[in-house]
Each structure stands twice: as C-alpha cells, then as structure tokens.
Amino acid sequence: MVLTVTVNNSIQGCKVSAIKSMFGSQVIPPNKSPHLRKSGSRPVVFDLDGEQGNTEMEGLLHSTEPSDLKIPSLPISTAAIMPSPILLWRFKVLLFFLWGVFCCKIGWDSVMRMSVNLRDLFLYEAFLYYNPLLLVTMMVWLWGVNLWVFAQSTISYAKIFDLDQNHLTHREIWKVATWMTIIVPISMTAYLYLYSHGEVSLAASQPVFLYCAVALILIFPFDIFYLSSRYYLLRTLWRIVFPLQAITFSDFFLADILTSMSKVLSDLERSVCRMVHRQVATIAWFEADSVCGSHSIGIPIILVLPYIFRLFQCVRQYKDTKEKTALFNALKYSTAVPVIFLSALKYHVLPDRWTDFYRPLWLLSAVLNSLYSFYWDVTRDWDLSCFTRIFKFNKPSLCSYLLHGRKWVYFWVIGSNFILRLAWTYKLSAHLRHNYLTVFTITALEMVRRFQWVFFRVENEWTKMSSKSNLQLSEISSEEKDKLLAPSDHNV
C-alpha cells in the first residue's frame, strides 16, 4: 500500500490520521492531545508499510510540530532554588523544636519568679485550666495514628463510622493536632509569664480567650474549618446526651472514649466554673466553701455523666435488639457510679467514718469495676474469646498482620490494659485529685490504653460487618442457585 499525502497544515494532518485509521494502521493523536508525547520526549515514528511510509511520516511529524506544542521547561536557576519536601519537613521540625524550647524556658523562668509558698498552688491552677486541652490534643494525635494504621490495612473505617466522602483523613487530623499543639502551650506560657510579672488581669484573660475561641470554632456555621466534620462531631455528641434514636457504632464508640476522658470533662467543668465566677488567677477556689472549690458536688456529677450516657445507650440498645448482652454491658458502666460517689464522700463525712467504713467500700467497688471492665474489653469489645486468639493466628487480625503475627503484641495489649484499668480508678477518685502531676500522668496513660483499644474494637466491628456481608451474599447466591435448579413448568 502506497500512501501519498501532502501536508500543508494541521487540518491535512488530521485527514491523514483518519485515512490511516480506515486502513487499519495506527492513528496519530491530534496536535493538542495530551497523549501525543510527554514533556521533553522525542516524537515517535510509526512503521507504516514500507520505507516510503516512514519517510512521509517523518515529514508529517516535523510539519505538525508547531511551536505551541513545545512545553517550556523551568529554568535551571528556578529549579535550583526550590527546596525539596524533605528539607522543608526538617526545617519545620527544627522550628517546632526551637519553639518548644522557647516556651519551656519562659514558663520555667516564670514559675521560678514566684515564692515557694504560692508556687505549688499556682501550678495546680495552671494545670487545671490547660490540662483538658493538652489531653484532648494528645487524643487527637493518637486518633490520627489510628486512622493512619487503618488506611494501611484493609479496614474501611469510613464504612464502619458511616462517613461521607469529605471525612477527615489522618493527614488532616494531624494538621489539626499540630495547630492545637502550638496554640495551647502558647496560651499557657503567656498565662505563666503575665501572672509572674504582676499582670494578673491579662493573665486571667488567656484561658478565657482560648476556651471561647475553641467553642466558637466548634459551632462556627460557615463552610470553613471542616464544617461537615464539626457538624458530625456535634451531632454525635447530641445523640450521646439524648439517646432517643437507634444507637449507631459511632455513637457508643465516641461515648466509650468520653468515659476515658471523664477526668478531662471534670477539669473542664471546674475551669469554666471559675471563669464564670471570675476566680481565674486567684486562690479563692481553694477554700472549702467556694462555689468552684474542691468540695463542689459538680465534680462527681461531671465524672459520672459519661458512664450514665453509656448506660442509657445500652438500655436503648436492649430495647431495640432484645439482646441480654446489652444489659450486662449496662451493668459494667453502673459499677463506676459507686467508685465516684464513695470517693466524693470523703469531703462530706468525718475522717474516722471515711477510714473505717467508706474507704473499704470504695476499694471494693474500684476493684470490681476494674476487673469487670477488663474482662469486657478482652472478651466482648475485642472478641478474643478468652485469650484463645493469642495462640491461634489462622485468621490474622489487624495488629497480628501488621506485626507479622507475633504473640507478644497480644500479651502486651492485654497486660497493659489490665494494669491501666486498675490505675484508671485513681483518676475517678475525687479525694486523690490534688496530686495533679500524678493524675495528669495516669490520665495520659488512660489515653494510651484507649488508643490501643481502638485498634481491636474497630477491627472486631469490621470483621462482624464482613462476615455479615459474606453471609448475605452466600444466601443470595444459594437462592439464585435454587431458582436455576427448580423444575420448570414449561413444555418443550
């Protein structure tokens, strides 16, 4: 086949392409097609039935290569001054480290300026205002790690939590946590510095301004700051407080996390109470008859609220499903109520009465609550079936898959969960809350325990959903098979 084409412009080139496609030859894309060639690559010459076709095709390519197809490359000087992503990341880490050292230095110098008698009370109050937000920031960081691990596995957490396409990924969660890590310590450093230098009114405004800013960001009605995710969080919190509808997985999952943050909520209530009564940057709250003092009845009430919410969810779940397991789960959360209120009685009874009668009851209820919660975590929430999955890895779970099926993972998680469940009682006890550094450490460890719990709980839910889907598919396929094998009434 001899193909003679005289190319004068790009229109004739298109005709050639059309003629070649009619005869079964390869087609050259149009001039402006992005598939013609990559930037910086050479033109491709097609073999078209003989040497003459090659010569004419080369002429066609040369004639149809106008100047507008040549993509200009960046100048060498411009490319040279653009830093690499690794260099930018290292620079950000260096700035973050220097900022942390700067805040610690100013905060330490501010504390050392105060007298020894007031220093401990001052630190206790400062921790009270910023302890909730610091622990929430830590929980956000850990939640980002959870999402990152889920993204690396086959678990579809978006399907489990019924999230839309605009849900936050682990990168966006970490971005939020980064800003929280920067803003909260800055406000705390400003509070310490201003108070130690005599600017009490300005120091008192720092936590007030920070709490107001956080509240405004959460309820901001415009489509900025991840509006859909903020709405999802607020809607879930509303469903937790008022469980008037069927309980979803995200409802009781977030409610379980709130039980681990009961101490955070208690400190939050005390902080807001002092802000409302203008007791910030004072020691009036330390008096026994103070509205926001250590003897306030609001402290045990706020501590117990997450467990009450979770108990109501279990009752609602039993009403919907008639499963007795929900009632046993409700019983587990009810065991936290005596721990909290027996501890609070220390401020309202005589010391001898507390030591002889109420303290043994408090210890007994604390041990019962810890052991019951530990048992439920392992056998129900994680579905380890009385530790049998420690030794059987026929169906690798999330953690066993990521860590190559090593048994020490389960030994570590179960052992640490048992120890931290026992220590968890410490933060629920109102009469131990003045040891603020110890309580802060134990609460942070409770966050770590909940962080480990999330992996197994979400994996267990995903396994149940997958098994249910497979069962439904098998039922559908069996029904279709029965229909095909059923005798027909038609006569052939």
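The largest cavity in this predicted model has a volume of about 120 Å³. A search of the whole structure turns up three cavities of 30 Å³ or more. By cavity I mean a set of points, on a 1 Å grid over the protein atoms alone, where a 1.4 Å probe fits but cannot get out; a pocket is an open set with protein on both sides within 12 Å along at least five of seven lines, and lining residues have an atom within 4 Å of a point. Grid points are joined across faces, edges and corners, and a volume is the space filled by probe spheres set on the points.

Some conventions before I go on. This is a predicted model, in which local features need pLDDT of at least 70 and side-chain atom pairs count only at pLDDT 80 or more, while totals for chains, interfaces and linings use all residues. Residues are numbered from 1 along each chain as its sequence is written, and side-chain values use heavy atoms, with hydrogens and water left out.

Back to the largest cavity. It is lined by 13 residues, and those nearest its centre are Phe127, Asn131, Lys263, Asp267 and Tyr436. Helix H5 (116-152), helix H11 (262-276) and H18 each supply at least two residues of that lining. Helices here are DSSP runs of H or I with at least four residues, strands are runs of E with at least two, and both are numbered from the N terminus. H5 has the largest share of the lining, five residues. By class, the lining of the largest cavity has seven nonpolar, two polar and four charged residues. For these classes, Ala, Val, Leu, Ile, Met, Phe, Trp, Tyr, Cys and Pro count as nonpolar, Asp, Glu, Lys and Arg as charged, and the others, Gly among them, as polar.

Next, the second largest pocket, which holds about 660 Å³ of space. Its lining has 23 residues, with Phe252, Gln317, Glu323, Arg457 and Lys464 closest to the centre. Two or more lining residues come from each of helix H10 (249-260), helix H12 (298-321), helix H13 (324-334), helix H15 (351-381) and helix H18 (436-485). Which helix gives the most to this lining? H18 does, with six residues. The class count for the second largest pocket is six nonpolar, six polar and eleven charged.

Now the helices themselves, starting with H12. H12 has 24 residues and reaches 35 Å from its first C-alpha to its last, close to the 34 Å expected at 1.5 Å a residue. That expected span is 1.5 Å times one less than the number of residues. H12 also has a kink of about 35° at leucine 305, shortly before proline 306. The bend at a residue is the angle between axes fitted to the seven residues ending there and the seven starting there. H15 bends too, by about 45° at tyrosine 358, and proline 360 follows within four residues.

On burial, the buried residues of H12 include Pro306, Tyr307, Arg310 and Gln313. Buried means under 20% relative accessible area, exposed over 50%, and partly exposed in between, with a 1.4 Å probe and protein chains only. Phenylalanine 455 sits in helix H18 and counts as buried because its relative accessibility is 10%. Its C-alpha is separated by 8.3 Å from that of phenylalanine 150, 305 residues apart along the chain. Serine 343, in helix H14 (residues 336-344), is buried with a relative accessible area of 0%.

A few backbone angles to check. Most residues other than glycine have a negative phi. Phenylalanine 225 has a positive phi near 60°, and tyrosine 226 has a positive phi near 60° as well. Phenylalanine 225 is in the loop between helix H8 (200-219) and helix H9 (227-241), and tyrosine 226 is found in the loop between H8 and H9. Phenylalanine 225 is partly exposed at 49%; tyrosine 226 is partly exposed at 32%. Just after H12, lysine 322 takes a positive phi of about 60°, and aspartate 383, which follows H15, has a positive phi near 55°.

Last, the annotation. In an unreviewed entry, UniProt lists several spans as "transmembrane region", among them 128-151 and 327-345. UniProt positions are given in the numbering used here, feature names are shortened, and annotations may be inferred rather than shown by experiment. In the model, residues 128-151 are 100% helix and 0% strand, with end C-alpha atoms 36 Å apart. Residues 327-345 are 89% helix and 0% strand, with end C-alpha atoms 28 Å apart.
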